[in-house]
Amino acid sequence: MSIVLLQSLSLIAAVTSALLAGVYFIFHNTIMTVLDQQNAIATMQRINQVILNKGFLTIFFLSPLSSLLLLVTGFMLDELGFQSLLFIGALTAIIGFMITAFFNVPLNNALAAAGEDKNAMLVWQRYTKNWGNWNYYRLWLSTLSCIGIISHFVFQT
């Protein structure tokens, strides 16, 4: 039963990390490029409003929560070590969440508060540089999380 719980949490954490990596990839590869060419500030403000929906928020919070539960369960069952791919995968998902909470969300809030004046363009320039960099880190952390968790089971001896 307890191994089934560990495997279930691993599956949830891997899938939600993969989905988040996809979202972050689309922003990195496509959306931010298009926004540099079009009505950027208003469009990104609208995206930041629309993305806060049940589907995204479920995935967004389920990834670090399942990863945290995975770490706790794994250590309680003595099935997890600090050097295991499962540990690294779960930890990178949690770090990705923390980057969002401490860096991307405050940048989103600053952009939401920006008006239409000259100051808005300064906010946008700072936003695109910093938000894009943090998004890039989230993209790779989510990807590595998924790879680490899956690899644990693929290469387990």
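1. The axes of helix H3 (residues 54–76) and helix H4 (residues 85–113) come within 9 Å of each other and cross at roughly 145°, where axes are lines fitted to C-alpha atoms, for helices over the stretch in contact, and angles run from 0 to 180 degrees between N-to-C directions. H3 passes H4 in a left-handed crossing, a term used if the near helix is turned anticlockwise from the far one by less than a right angle, with clockwise giving right-handed.

2. A caution on the basis of these values: this is a predicted model, in which local features need pLDDT of at least 70 and side-chain atom pairs count only at pLDDT 80 or more, while totals for chains, interfaces and linings use all residues. Residues are numbered from 1 along each chain as its sequence is written, and side-chain values use heavy atoms, with hydrogens and water left out.

3. As to the overall layout, the chain has five helices and zero strands, these being DSSP runs numbered from the N terminus (H or I of at least four residues for helices, E of at least two for strands). The C-alpha trace spans about 60 × 25 × 20 Å along its principal axes.

4. Which residues bring H3 and H4 together? On the H3 side they include Phe 60, Phe 61, Pro 64, Leu 68 and Phe 75, and on the H4 side they include Leu 86, Phe 87, Ile 94 and Phe 97, contact meaning heavy atoms within 4.5 Å. The residues of this contact divide into 13 nonpolar, three polar and no charged, with Ala, Val, Leu, Ile, Met, Phe, Trp, Tyr, Cys and Pro counted as nonpolar, Asp, Glu, Lys and Arg as charged, and the others, Gly among them, as polar.

5. The axes of H4 and helix H5 (residues 118–154) come within 8 Å and cross at roughly 165°, and the two helices are therefore roughly antiparallel to each other; angles under 35 degrees count as roughly parallel, over 145 as roughly antiparallel, 65 to 115 as roughly perpendicular and the rest as oblique. H4 passes H5 in a left-handed crossing, and the residues of their contact divide into 20 nonpolar, twelve polar and two charged.

6. The axes of H1 and helix H2 (residues 40–50) come within 9 Å and cross at roughly 140°, so H1 and H2 are oblique to each other. Here Phe 27, Ile 31, Met 32 and Leu 35 in H1 meet Ala 40, Thr 43, Met 44 and Ile 47 in H2, a contact with seven nonpolar, one polar and no charged residues.
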